[in-house]
Amino acid sequence: MSLPSPKRRKVEPATATVVSDELLEVIGEMKEEVYEACVAKRKMFKGWKCPKEIQDSLVRRMMELGRVTRNDVFLDLGCGRGNVVAAVAAMAGCECIGIEITKENYAVAAESQTLFSEWRRSASLPDPKITFIHGDIKKLIPFYTHASVVWISNKLFPPDTDIAVYGQLKKFAPGTRIFSMKDLIVHHRLESYKQAETAKWFKFVDFQWEPGDVEWCNE
């Protein structure tokens, strides 16, 4: 989705980020080692698992579709343990911000940040500024409207959170690239007055996940 707004500067995507299979493999090794060493992850109560895990293949597709570069600011709404942020930082080398409401997930993200930074430097990968915030995204989004790329991991968000996020996205600059796991608002019936109004703010493009892009846990 792209956002027009005459009151804010326009974001011009830079040259496309191209992520090789070799880099994807290195990032996978990095995550395996870091999360294995993460004390906060080991302290999580027995049987706890993330209901979903975004795979690096999906992150790569997002980076390439969004033409994300080191000049961008990437915002992850519902960042979990920081899995996507870690991949974006290594792929694009841009500043990353993650917001997470669950304290257990946030603890892992915050601790792993230092470990990921050490790993990236040792592998001669980009090591940009990364910030994780513990809190409610509905209240925190207004402080991060300078982000030029937004990922919304909203597959399991309640409807009121989707509505609140949608309203706040209008405050971002024109040309902001926004990706979400599910539609924040219905947009397939432009004959509808409300949807016609929505189209004045957003340009919608629907994409299909590839097999294996998201790993689900039903335990």
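Modeller: Aspartate 72 counts as buried because its relative accessibility is 7%, where buried stands for under 20% relative accessible area, exposed for over 50% and partly exposed for the range in between (1.4 Å probe, protein chains only). The model is a predicted one, in which local features need pLDDT of at least 70 and side-chain atom pairs count only at pLDDT 80 or more, while totals for chains, interfaces and linings use all residues. Residues are numbered from 1 along each chain as its sequence is written, and side-chain values use heavy atoms, with hydrogens and water left out.

Aspartate 72 forms a salt bridge with arginine 177, and the closest N and O atoms of the two are 2.7 Å apart. The term salt bridge requires a side-chain nitrogen of Lys or Arg within 4 Å of a carboxyl oxygen of Asp or Glu. This pair connects distant parts of the chain, since arginine 177 belongs to strand E6 and aspartate 72 to the loop between H3 and strand E2 (73-77), 105 residues apart. Helices (H or I, at least four residues) and strands (E, at least two) are DSSP runs, numbered from the N terminus. Arginine 177 is likewise classed as buried, because its relative accessibility is 8%.

Strand E6 covers residues 177-180 and pairs with strand E5 (residues 149-152) in the parallel sense, over 4 bridges; pairing requires that DSSP find at least two bridges between the strands. Within this pair, tryptophan 151 faces phenylalanine 179 of E6. Together with helix H7 (residues 159-169), E5 and E6 build a right-handed β-α-β unit. Right-handed means that, with the strands pointing away from the viewer, the path from the first strand over the helix to the second runs clockwise.

The side chains of aspartate 127 and arginine 120 meet at 3.1 Å, N to O. Arginine 120 is buried because its relative accessible area is 1%, whereas aspartate 127 is partly exposed because its value is 30%. Arg120, Arg121 and Asp127 belong to one network, held together by salt bridges that share partners.

Aspartate 21 and arginine 60 also form a salt bridge between their side chains, at 2.7 Å, N to O. It too links distant parts of the chain: aspartate 21 lies in helix H1 (residues 21-37) and arginine 60 in helix H3 (residues 56-65), 39 residues apart. Aspartate 21 is classed as exposed because its relative accessibility is 56%.

The whole chain supplies the setting for these details. The structure contains 8 salt bridges, and the chain has 8 helices and 7 strands. Of its 219 residues, 49% count as buried; aspartate 72, at 7% relative accessibility, counts as buried.
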